[in-house]
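Please look over the sequence and the model, then read on.

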Amino acid sequence: MAARRISSFLSRSLSLSPASFGRNYGFGRVMHRFSTAAVLEEPITPPVQINYTKLLINGLFVDSASGKTFPTLDPRTGEVIAHVAEGEAEDINRAVSAARKAFDEGPWPKMSAYERARIMLRFADLVEKHMDEIAALETWDNGKPHEQALKAELPMFVRLFHYYAGWADKIHGLTVPADGPYHVQTLHEPIGVAGQIIPWNFPLLMFAWKVGPALACGNTIVLKTAEQTPLTGLYVAKLFHEAGLPPGVLNVVSGYGPTAGAALASHMDVDKLAFTGSTDTGKIVLELAARSNLKSVTLELGGKSPFIICEDADIDKAVEQAHFALFFNQGQCCCAGSRTYVHERVYDEFLEKAKARAIRRTVGDPFKKGIEQGPQIDSEQFEKVLRYIRSGIESNATLECGGERVGSKGFFIQPTVFSSVEDNMLIAQDEIFGPVQTILKFKDNDEVIKRANKTKYGLAAGVFTRSLDTANTVSRGLRAGTVWVNCYDVFDAAIPFGGYKMSGIGREKGIYSLNNYLQVKAVVTPLKNPAWL
């Protein structure tokens, strides 16, 4: 159901009418005009109050041990929204102690799975009641379009908790036949205290991807939010306690990676670690986990996903899907289709239509109805994207449109399209994480499979073709955790997600995610004069 809602929302967003265009752009080609009017207007005042800015430890909102705070900024303006408690190592210690006590002595792991499920369902109901405020908070802190947060991401958030609540009382082991007079059973037990570190690009959905399966399996949690987007995690965690979650089961610490994140990853009393973020940071997290107590680690990391348009593709549909695959969420997706491979016979037609679609993309205040693209998350990401655009120009890729900031305030960037891109260019190798589409040409399926796989990443891929044989051949040849055929970014609660190679370890969502939060124990008992074996 949620997947259909998201698909419906996306199809509507892809067909939004273009805004007026302003700002000339040449680079030796026909000048294009982009709209800056939307972002030059006074920002819309978000319809929500900031109520929760402290750490949530053992069921209570508390100041950080140091008393320090840090600002969380509005990406539309760069101005401070609120000052949030800055958790550090001592705060992680407090949170882990609360989680450990809740696991070892509290009611949560001893509660029936059915009762745990009821609490998760009550939480989902509360989120539905407060959906307007939560969506506004997500847009304010993150910059994503409000329509996207409200109509796509919040319904999926609720669906994920319904899904995991449904799993809670269906987790069980097996009875195993043995070669001898023994009764053998396997138990699937909660792993204990789970440390979880989530990113800033999808704060709510990553909260659900991590917290849902961990709670369904009976674990307790210390979750560190991204320093760029701490507000919605605190808000929904408060709702969880209103739903009846016992104190200490879910603790939320806001703070920075090198302090709070490192303390959590290396903590000796954390039994499991789950991290979503960049590959470089994932390496650090994995090393810290190994050097401490060898806690098991799940990593969902970066990507440079190919989107392959075959010669028989419906070009108009392929243009829309490739556009969405790259530009959705301001291009800030780990699985963005950021290498657009187009068959040489349809390359020119695709390029002209892709460029025209990018020019029509509406950029502006994400609270404004009809806006497709808001700002990048912060100045650091904003400058990084612009550096990659300069790199593309210096590498002699052709800048078809875009390439600069929009307006003079906030972190808005024009939708950008490069053609004549080669595999050895940085814009075709590195994860840009911004609204920059790179379009490459290929001759045949064998060639494009080899080129698509020639990367350190393997998170996702897309294939657009009318041929079932081509779809099967290419999708099986691609070394990626998810391959979408004639679609992209279809995220259902039951569909597993994760990467090959340096895109991560393990899988999120679906039945596979439960394995991340369970230990398997074998119990062997002798049988005396059994009637059967």
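## A β-α-β unit

Strand 17, helix 16 (residues 468-477) and strand 18 form a right-handed β-α-β unit. Right-handed means that, with the strands pointing away from the viewer, the path from the first strand over the helix to the second runs clockwise. Helices (H or I, at least four residues) and strands (E, at least two) are DSSP runs, numbered from the N terminus.

This is a predicted model: local features need pLDDT of at least 70, side-chain atom pairs count only at pLDDT 80 or more, and totals for chains, interfaces and linings use all residues. Residues are numbered from 1 along each chain as its sequence is written, and side-chain values use heavy atoms, with hydrogens and water left out.

## The sheet around it

Strand 17 (residues 460-464) and strand 18 run parallel, joined by four bridges. Two strands pair if DSSP finds at least two bridges between them. Alanine 461 has valine 483 of strand 18 as its bridge partner. Glycine 462 stands opposite tryptophan 484 in strand 18.

The open sheet has seven strands in the order 14-15-16-13-12-17-18, with mixed pairing. Strand 14 (398-401) and strand 18 (482-485) are at the edges; each has a single partner strand, so one side of each lacks a neighbour in the sheet. On average, neighbouring strands are turned by 25 degrees against each other, direction ignored. Helix 11 (residues 315-327) packs on the sheet and touches strand 12 (306-309), strand 13 (339-343), strand 15 (416-419), strand 16 (436-442) and strand 17. The direction of helix 11 makes about 175 degrees with that of strand 12. Such axes are lines fitted to C-alpha atoms, for helices over the stretch in contact, and angles run from 0 to 180 degrees between N-to-C directions.

Strand 18 has two faces: Thr482 and Trp484 are on the covered one, Val483 and Val485 on the uncovered one. In a regular strand the side chains alternate between the two faces of the sheet.

## Nonpolar cores

The largest nonpolar core has 102 residues, of which Phe157, Phe161, Phe240, Ile309 and Phe350 touch the most other members. A nonpolar core is a set of buried Ala, Val, Leu, Ile, Met, Phe, Trp, Tyr and Cys residues joined through side-chain atoms within 4.5 Å. Buried means under 20% relative accessible area, exposed over 50%, partly exposed in between (1.4 Å probe, protein chains only). Apart from this core lies another, of 29 residues, including Ala397 and Phe442.

## Aromatic pairs

The whole structure holds 22 aromatic pairs. Rings of Phe, Tyr and Trp (its six-membered ring) pair if their centres lie within 6.5 Å; planes under 30 degrees apart count as stacked, over 60 as edge-to-face and the rest as tilted. Tyrosine 52 and tyrosine 235 make an edge-to-face pair, 5.8 Å centre to centre with 75 degrees between the planes. Tyrosine 52 lies in the loop between helix 2 (37-40) and strand 1 (55-57) and tyrosine 235 in helix 8 (residues 231-242), so the pair ties together parts 183 residues apart in sequence. Tyrosine 235 counts as buried, at 9% relative accessibility.

## Two loop residues

Threonine 229 sits in the loop between strand 8 and helix 8. At 4% relative accessibility, threonine 229 is buried. Proline 43 is in the loop between helix 2 and strand 1. At 25% relative accessibility, proline 43 is partly exposed. Leaving aside neighbours within four places in sequence, proline 43 is in contact (heavy atoms within 4.5 Å) with Arg76, Thr77 and Asp365.
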